[in-house]
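Let's go through this model and ask what stands behind each label. Have a look at the structure first.

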Amino acid sequence: MELTANAFGRNARKALLDKTLQEALGRTTGRFLAHRDAAAAAFPEFEATRERASRIKRDVLDHLDTYLARFIEEAEKRGTIVHVARDAGQAREIAARIARDEGVTLAVKSKSMAAEEVSLNEALEGAGVTVVESDLGEFIIQLAGEAPSHIIAPAVHKTREQVSRLFERHLGEPRTDSIPELVGMARRHLRAKFLSAGMGVSGGNFLVADTGSVVLVTNEGNGRMGTALPRVHLAVVGIEKVIPRMADLPTFLRLLPRSASGQTISSYVSIVTGTRRAGDPEGPERMHILLLDCGRSAILEGKYREILKCIRCAACLNTCPVYQSVGGHAYGWVYSGPIGAVLTPLLVGLPEAAALPDASTLCGACADVCPVKIPLPDFLLELRSDARDQGLKTPGEIAAMKGYAGVMKRAGLLEAIERIGGVLGQFFTKGKGIGGLPYPFSGWTERRDFPAPAAQPFRKLWKIRRGVTR
């Protein structure tokens, strides 16, 4: 996937002018967020479960080598072949070699952000494999030739009318605005692919160390069909997805669907442990697990290691005012929203994605909803500081921030500036919004008025509101 993270500003402006995208985002992110809040409120142990999940993940990070070694040992005991890729290039080589060695020409693939991260489809296609996305959202964007724009809802930017036009053009189906009819069309098309594919490709929500299992949490049956029907199963998973014990899994199953979509539990929870055994009615004859490092070991050694606790629920995307406004493609790579604004610079290098940590209002909503308590706003601030230290900020930005910090540290100076601004605002605008500011502040008023400065300083207004007389 082409990296355009540093074009965030240009991408965001384009997204803001896209009325269809704005309609689609408004319809879906708000619904996800409302359902998440209702589900959390209805689960009295939600906060305690967040704490427990955070502790488990922290323990995993402290002993990742031990848990990974245990996982590999248990998986291999059950007939699974485990591969480890240090980077995306090696991951592509391994995946292509597996496909060639297994004689695969058609693969059905379920949703996997890890696979997107290493451009797995391109590697398999280069090895002569036709890859068919089987998740409905991924199937739609594959037809459209686009990348996912959301971790759990990859086609969230598409309206049903756009989907219908895609199905008409690529599948020869009649136009309809009925979602059940559109789902039925996709199902008919994909069913034949499941039955004829030589390999199923999946991601993995969790890797269970004490059983060697891959756990898939989905709302469509495609993940289960793709791992059970084809002769070969290839799971592509980041090394940070390991959890110590099967007994830990319920903690995460209580959090993941509630945080993602507000569901008590997902429609399908599939636990894949090894190859088909004698007497099993279904299951792969050959199973490969491709573990991705791809920069994760380096992150583990640094100050951002807790970002590896992420369970990819996308709650931070749904609650983020920036993501709600511009969608996922503006972030210019696989991961979007607050998690993408932190993870992308760490995986691809800060110079390649220095614009993303600035794509945040720092309102803190992402940290409030994170089920494993990742301090995302702190990381965004730290990355901004790193960008300055690495010479990725302009002298103008640095001077402006120093000036801002100097004023904010001096309450008297701030109040004096506010008083002057209030007087000038009342004189020039008569209390109305400011329609245009000069460069470099003109961006604020390109598409909206800037509020007129208040007639009184903030501290004064605060005291009045609280009834403080002195």
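Q: How many salt bridges does the structure hold?
A: This is a predicted model, and it holds 28 salt bridges.

Q: What makes the contact between Arg50 and Glu47 a salt bridge?
A: The N to O distance between their side chains is 3.1 Å. The cut-off is 4 Å from a Lys or Arg nitrogen to a carboxyl oxygen of Asp or Glu, so the pair qualifies. Arg50 and Glu47 both sit in helix 3 (residues 46-62), 3 residues apart, which is about one turn of the helix.

Q: Why is Arg50 called buried, and why is Glu47 called partly exposed?
A: Buried means under 20% relative accessible area, and Arg50 has 6%, so buried it is. Glu47 comes out at 43%, between the 20% and 50% limits, and therefore counts as partly exposed.

Q: How do you know that Glu168 and Arg175 form a salt bridge?
A: Their side chains meet at 2.8 Å, N to O, which is within 4 Å, so the label applies.

Q: What makes Arg175 exposed and Glu168 partly exposed?
A: Exposed takes over 50%, and Arg175 has a relative accessible area of 52%, so it gets that label. Glu168, at 36%, lies between 20% and 50% and is therefore partly exposed.

Q: What makes Glu382 and Lys303 a salt bridge, and which parts of the chain does the pair link?
A: The N to O distance is 2.9 Å, within the 4 Å limit, so it counts. The pair links distant parts of the chain: Glu382 is in helix 18 (residues 376-389), while Lys303 is in the loop between helix 13 (296-300) and helix 14 (315-319), 79 residues apart. Glu382 itself is partly exposed, at 33% relative accessibility.

Q: Which residues are linked in a network of salt bridges?
A: Arg70, Glu74, Lys77 and Arg78.

Q: Which residues have the most contacts inside the largest nonpolar core?
A: Phe8, Phe206, Val242, Ile307 and Tyr331, in a core of 88 residues. Helix 12 (residues 249-261) gives the most to this core, with 6 residues. A second, separate core has 23 residues, among them Ala115, Val201, Leu234 and Leu290.

Q: Why do strand 4 and strand 7 count as paired?
A: Pairing takes at least two bridges, and 4 bridges join strand 4 (residues 199-202) to strand 7 (residues 232-238), so they pair. The two strands run parallel. Gly200, for instance, has His233 as its bridge partner in strand 7.

Q: What makes strand 1 and strand 3 edge strands?
A: The sheet is open, with 6 strands in the order 1-10-7-4-2-3 and parallel pairing. Strand 1 (80-85) and strand 3 (130-133) each pair on one side only.

Methods
Residues are numbered from 1 along each chain as its sequence is written. This is a predicted model: local features need pLDDT of at least 70, side-chain atom pairs count only at pLDDT 80 or more; totals for chains, interfaces and linings use all residues. Side-chain values use heavy atoms; hydrogens and water are left out. A nonpolar core is a set of buried Ala, Val, Leu, Ile, Met, Phe, Trp, Tyr and Cys residues joined through side-chain atoms within 4.5 Å. Buried means under 20% relative accessible area, exposed over 50%, partly exposed in between (1.4 Å probe, protein chains only).
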